[in-house]
Amino acid sequence: MIRRPPRSTHCISSAASDVYKRQPFTLLIIDSIMAPFRVEYSGRGELAERQQVLNKVLNRLQKLSEQFNVAIYMTNQVTADPGAAMAYGDTKKPVGGNIIAHASTTRLYMKKGKGDQRICRMYDSPSLPEAEVVFQLAEGGIVDVGD
């Protein structure tokens, strides 16, 4: 079932809860958790309020997950980090700051590789070490590229 909440930030968790009551599910996928927050709260002047509302939404989602044993998978956006320009490596960072980081159990960072390849890096996990895998999306599904 695919559902778009009627209003974005304030309704994400309540829409999920309403849908669960009508038709229980075990996996909730939220595509681009930060997109509605970036639209509704623009500029640094609204950053504190945005983070507070985001924190409330994530807490409600966490309660939904724990109460009904629902796995929640969220995608997020990245942004350029001007302070990382002097460092070597990737200069992108996840949008949402520490609020998103603390609410997430396991974080993966995916990026485009060579050609049709994709790279998935274990960014943060309480039980798994940092690792990186290269894979490819094909007609038959996900293909392990290997070393």
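**Chatting through the core, a patch and a sheet**

Biologist: Which residues touch the most other members of the largest nonpolar core?
Modeller: This is a predicted model. Its largest nonpolar core has 20 residues, and Ile12, Leu28, Ile33, Met34, Phe37 and Leu61 touch the most other members.

Biologist: Which elements give two or more residues to this core?
Modeller: Those are helix 1 (8-22), strand 1 (27-30) and helix 3 (47-68). Helix 3 gives the most, with 6 residues. As background, nonpolar side chains in soluble globular proteins tend to be buried together.

Biologist: Now the outside, please. Which residues form a nonpolar patch on the surface?
Modeller: Leu27, Ile29, Tyr73, Leu108 and Met110 do, and together they have about 490 Å² of accessible area. Strand 1 and strand 5 (107-112) each give two or more residues to the patch.

Biologist: And Met110, where is that, and is the residue buried, partly exposed or exposed?
Modeller: Met110 sits in strand 5. Met110 counts as partly exposed because its relative accessible area is 46%, which falls between the 20% and 50% cut-offs.

Biologist: Switching to the sheet, what is the order of its 4 strands?
Modeller: The order is 5-6-7-8 in an open sheet, and the pairing is antiparallel. Strand 5 and strand 8 (141-144) are at the edges with a single partner strand each, so one side of each has no neighbour in the sheet. On average, neighbouring strands are turned by 35 degrees against each other, direction ignored.

Biologist: How many bridges join strand 6 to strand 7?
Modeller: There are 5 bridges between strand 6 (residues 117-124) and strand 7 (residues 132-138), which run antiparallel.

Biologist: What stands opposite Arg121?
Modeller: That would be Glu132, in strand 7.

Terms used. Residues are numbered from 1 along each chain as its sequence is written. This is a predicted model: local features need pLDDT of at least 70, side-chain atom pairs count only at pLDDT 80 or more; totals for chains, interfaces and linings use all residues. Side-chain values use heavy atoms; hydrogens and water are left out. A nonpolar core is a set of buried Ala, Val, Leu, Ile, Met, Phe, Trp, Tyr and Cys residues joined through side-chain atoms within 4.5 Å. Buried means under 20% relative accessible area, exposed over 50%, partly exposed in between (1.4 Å probe, protein chains only). Patches are made of residues with over 30% relative accessible area and no salt bridge: like charges are joined within 9 Å, nonpolar side chains (Val, Leu, Ile, Met, Phe, Trp, Tyr) within 5 Å. Accessible areas come from the Shrake-Rupley method with a 1.4 Å probe; for residues, only the protein chains shown count as cover. A salt bridge is a side-chain nitrogen of Lys or Arg within 4 Å of a carboxyl oxygen of Asp or Glu. Two strands pair if DSSP finds at least two bridges between them. Axes are lines fitted to C-alpha atoms, for helices over the stretch in contact, and angles run from 0 to 180 degrees between N-to-C directions.
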